[in-house]
Each structure stands twice: as C-alpha cells, then as structure tokens.
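Hi,

Here is the model I promised to pass on.

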Amino acid sequence: MAEFQLAIVTRRAIAATPGEDVLDLAHSALWGLIRVAQAENPGRFVLVDVDGTQSSLAALPAALASGQSQLVLRDGVVHVPRLTQVRETAAEGVDLSGAGTVLLTGGTGALGQVFARHLVAEHAVRDLLLLSRKGMDAPGATELVAELAELGATARSAGV
C-alpha cells in the first residue's frame with residue numbers, strides 16, 4: 001500500500017442499489033478515470049460516493065479506514081463492488097432480433113468473434129457493426145463477416 005492515499009469523494013455519481021438514480025454524471029465519468037489510475041497505481045487512490053445524509057458523512061472516516069479502494073455510502077451503510085454469479089435463466093428470453101444494429105467493440109478479436117457468432121445464432125441479431133483497431137484488415141475478419149452472412153446476418157467491420 002502507498003504511504004499516502006488520495007480519497008476522491010463524489011456525491012450520487014454511482015448507483016449502489018437497483019433502481020437508484022445517478023444524479024452527477026460528470027463525476028460518474030471521473031470514477032472511470034480514477035479506476036484506471038487505481039489500476040496503474042495500486043493503493044494510491046480511494047473512490048467514495050456518498051448520498052449526503054448525516055449518517056453517511058458520519059460513517060465516512062470508518063469507511064476510508066476499511067482498506068476498500070471503491071465504496072459507496074448510502075444512509076450510513078457501506079456498499080462495495082463484488083462479483084456475483086448470475087443465474088442462466090436471467091439471460092434466457094433476451095430478444096435482440098429487433099434491436100437494430102448491434103455495435104460490438106473488439107468485434108474482430110478472438111472473444112469478439114465468439115460473441116458475434118453467439119449474438120447471431122442465439123439472439124437472432126441480424127445487423128452487426130464490428131469495431132476493432134484494424135477493421136477488415138484484422139486476421140479472420142473477412143471470414144467472420146462471410147460466416148455471419150451464411151447465418152443470415154449483415155456484418156460490417158470498421159477500424160477505429
């Protein structure tokens with residue numbers, strides 16, 4: 001851990017619970033920037049989002065001392081990000097067939113190709129825009145577009 005830490009405290013820039021509104025979109029973007037800084041400088045930065053209630057402000061010192069790198073305080077309760085398992089049934093019934101053009105970043109990379117095939121075969125996506133650094137010059141891009149066409153989809157690739 002770094003000798004000193006910089007705590008960045010925002011107010012309502014992050015949704016901590018389902019259905020919660022984000023009221024400060026500018027500081028939401030700041031969270032993304034600081035997360036990158038955290039990855040490059042472990043232990044240097046702490047991100048905290050508060051709701052402005054007295055109970056959350058009173059819990060702030062203990063929350064900062066918890067050692068968590070990202071946390072949200074709502075009504076004095078600390079929330080931290082955690083990965084959880086999602087039941088497969090939650091994804092069943094997702095109908096993207098009428099979604100229009102689906103934009104897939106990294107679309108010609110190894111995982112992007114797998115996901116593009118999945119979208120077409122399992123979710124009836126019929127129009128894809130595959131973004132990548134090399135566009136159609138990426139290895140396998142031409143073959144992927146042809147394969148997706150055989151499956152009934154229109155796919156185009158663009159370099160960014």
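In α1, the buried residues are Trp 31, Ile 34, Ala 37 and Gln 38 (buried is under 20% relative accessible area, exposed over 50%, partly exposed in between, with a 1.4 Å probe and protein chains only). They sit on the same side of α1, because they cover an arc of only 125° around the axis (the arc is that of the directions from the helix axis to the C-beta atoms). The face turned away from that buried side carries Leu 25, Ala 29, Leu 33, Ala 39 and Glu 40, which are exposed.

Before I go on: this is a predicted model, so local features need pLDDT of at least 70 and side-chain atom pairs count only at pLDDT 80 or more, while totals for chains, interfaces and linings use all residues. Residues are numbered from 1 along each chain as its sequence is written, and side-chain values use heavy atoms, with hydrogens and water left out. Helices (H or I, at least four residues) and strands (E, at least two) are DSSP runs, numbered from the N terminus.

What covers the buried residues of α1? Among the elements doing so are β1 (6-11), β2 (45-50) and β3 (70-74). The length of α1 (residues 25-40) works out too: at 1.5 Å a residue its 16 residues should span 22 Å, and the end C-alpha atoms are 24 Å apart, which agrees (the expected span is 1.5 Å times one less than the number of residues).

β2 is largely enclosed by the rest of the structure, because six of its six residues are buried. Phe 45, Leu 47 and Asp 49 point one way from β2, and Val 46, Val 48 and Val 50 the other way. β1 and β2 pair in the parallel sense over six bridges (two strands pair if DSSP finds at least two bridges between them), with Val 48 in β2 as the bridge partner of Val 9. β2 also pairs with β3 in the parallel sense, over four bridges; here Leu 47 has Gln 70 in β3 as its bridge partner.

Which hand do the crossovers have? β1, α1 and β2 make a right-handed β-α-β unit (right-handed if, with the strands pointing away from the viewer, the path from the first strand over the helix to the second runs clockwise). The chain then crosses from β2 through α2 (residues 54-64) to β3, and that crossover is left-handed. I'd start there if you want to go over the model yourself.

Arg 74 is found in β3 and is buried, with a relative accessible area of 8%. Leaving aside neighbours within four places in sequence, its contacts (heavy atoms within 4.5 Å) include Glu 20, Asp 49, Asp 51 and His 79.

Three strands form an open sheet in the order β5-β6-β7, with parallel pairing. β5 (102-105) and β7 stand at the edges with a single partner strand each, so one side of each is left without a neighbour in the sheet. β6 and β7 are joined by six bridges, and Leu 131 stands opposite Ala 158 in β7.

In α4 (residues 141-150), Ala 141, Leu 144, Val 145 and Leu 148 are buried. Seen down the axis of α4 they fall within an arc of 100°, so they line one face of the helix. Glu 143 and Glu 150 are exposed on the other side. The cover over the buried residues of α4 includes α3 (110-123), β6 (127-132) and β7 (154-159). Just after α4, Gly 152 takes a positive phi of about 100°.

Cheers
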